Amino acid sequence: MIYAMLVFWILTALLIVKERRAIRIILYFGAFSFITAICFFLLGSPDVAMAEAAISTFATIFFVICVEKYTNLQIDEAEKASDRQEDKKPLTYHLKKFLPPLGFTVFLCALFIHFLPDNTVNTFLKDQYVERFAFDVGGENAVTAIYLGYRVYDTLFEALILVITVVAVSHMSWFDKTSVADGRRSDIQRSGMAVFTIRIIAPILLLFGVYLIMNGHISPGGGFQGGVAIASFFICRYMIYNIYDISIDKIIRAEKAVFVVAALIAVAAIFLGVWARVPAAYLDLYQGTYLLIMNALIGVKVACTFIVLFYRFVAIERL
């Protein structure tokens, strides 16, 4: 099963490279992320699969809205003429156009199968993670232990990239206001059934996000997944009530402060070796508190990122 998904994964990537129209590239990216999430799940990492699925869904919708905003989903006349010319060409032309990426895919698959590891592959590091994560970092979720313990420096740099992205988006945007009192009404309000459904889903999303954050160290979940769910609640809030009372500047300042606090806690807890000085009787409590606080901080930071991106490009700049 995993090999079949990897073949589709490569094919989707080639479609993204070959496609020229923006809306189709966005849809192919969504399919690519969906296949990636399935691969993560089949490889035994439901946490990463959940984060990939949630973020890719948000990103796909976000990009579609951006395309609608700047182009109103209308293909340029030159592209229309080009498409008409493409349709008039014979079937052999289209087959020849598709053969190079198909041949490259077959080559990659053959190369992948040829270099498949045998039973002598070294699994020492994996075995150490699985056997020692509960003692070294705490919790019952090995993925959380890795991204908040063994690989916490990677997590901090990923969080820093999100902060830089949000700051860059805010400063490079053409719209100089960071909050407005009114704006364009959400198109979803035209559908009574959609509004009714979102009103039911919105509080569930908020509770689910809090649950993912609070229980990320003992079950599949964590700060990244919970943060996306909480951001989705605020998006639903805008769609239902057209609320524009969120100040982007304040959210960006809050995100920066959360990142600094998370970095300081990680440095104090791991890099300075504080755990080595904790008595054994209190080690479980200390580890559980650390994982809970770090998951909460990461969740708030991720939620701030997606809220800023959504309100900047959708709620405010659609005026």
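Overview. A residue counts as buried under 20% relative accessible area, as exposed over 50%, and as partly exposed in between. The structure shown is a predicted model. The protein has 12 helices and zero strands. Its pattern along the sequence is α-α-α-α-α-α-α-α-α-α-α-α. Of its 319 residues, 39% are buried. The protein exposes about 18500 Å², and carbon and sulfur atoms supply 70% of that area. Consider the contacts between residues at least 6 apart in sequence: 76% of them join residues at least 24 apart.

**View 1. Arg151 pairs with Asp154.** A search of the whole structure finds three salt bridges. One of them joins the side chains of Arg151 and Asp154, with N to O at 2.6 Å. Arg151 has 35% relative accessibility, so it falls between the 20% and 50% limits and counts as partly exposed. Asp154, at 27%, is partly exposed as well.

**View 2. Arg132 and Asp136 pair within helix α6.** Side chains of opposite charge can pair when their charged atoms come close. Here the side chains of Asp136 and Arg132 form a salt bridge, N to O at 3.0 Å. Both residues lie in helix α6, which spans residues 124-136. They sit four residues apart, about one turn of the helix. Arg132 is partly exposed at 35% relative accessibility. Asp136 is also partly exposed, at 22%. The limit for buried is under 20%, so Asp136 does not count as buried.

View 3. The side chains of Glu255 and Lys301 meet in a salt bridge, with N to O at 3.0 Å. Glu255 belongs to helix α11 (residues 248-271) and Lys301 to helix α12, so the pair ties together parts that are 46 residues apart in sequence. Are Glu255 and Lys301 buried or exposed? Both are buried.

**View 4. Lys301 and its surroundings.** Lys301 lies in helix α12, residues 280-316. Its relative accessibility is 3%, which makes it buried. Beyond the bridge to Glu255, the side chain of Lys301 reaches the backbone oxygen of Ala159 at 3.2 Å. Residues up to four places away in sequence are set aside here. Lys301 then touches Ala159, Leu162, Val163, Glu255, Val258 and Phe259.

**View 5. Thr305, also in helix α12.** Thr305 is found in helix α12. With a relative accessible area of 2%, Thr305 is buried. Not counting residues up to four places away in sequence, Thr305 touches Leu162, Val166 and Glu255. Leu162 and Glu255 are also among the residues that Lys301 touches. The C-alpha atoms of Thr305 and Gly227 are 8.9 Å apart in space, while the two residues are 78 apart in sequence.

**View 6. Ser219 in the loop between α9 and α10.** Ser219 is placed in the loop between helix α9 and helix α10, the latter spanning 223-241. Leaving aside neighbours within four places in sequence, Ser219 is in contact with Asp47, Asn141 and Tyr211. Ser219 and Glu140 are 79 residues apart in sequence, with 6.9 Å between their C-alpha atoms.

**View 7. A nonpolar patch on the surface.** Which residues form the nonpolar patch? They are Met193, Phe196, Ile200, Ile201 and Ile204. Ile200 is found in helix α9, residues 192-214. At 43% relative accessibility, Ile200 counts as partly exposed.

View 8. How many aromatic pairs does a search of the whole structure find? It finds three. Phe234 is partly exposed, with a relative accessible area of 24%.

How values were computed
Residues numbered from 1 in each chain as written. Predicted model: local features only at pLDDT ≥ 70, side-chain atom pairs only at ≥ 80, totals over all residues. Heavy atoms only, no water. Phe/Tyr/Trp six-rings, centres within 6.5 Å; stacked < 30°, edge-to-face > 60°. Buried < 20%, exposed > 50% of the residue type's maximum accessible area, 1.4 Å probe, protein only. Patch = residues over 30% accessible without salt bridge, like charges linked within 9 Å, V, L, I, M, F, W, Y side chains within 5 Å. Areas by Shrake-Rupley, 256 points an atom, 1.4 Å probe, with all protein chains shown as cover. Salt bridge = Lys/Arg side-chain N within 4 Å of Asp/Glu carboxyl O. Helix = DSSP H or I, 4+ residues; strand = E, 2+ residues; numbered from the N terminus. Contact = heavy atoms within 4.5 Å. Polar contact = N/O pair within 3.5 Å; in protein donor to acceptor, adjacent residues only side chain to side chain.
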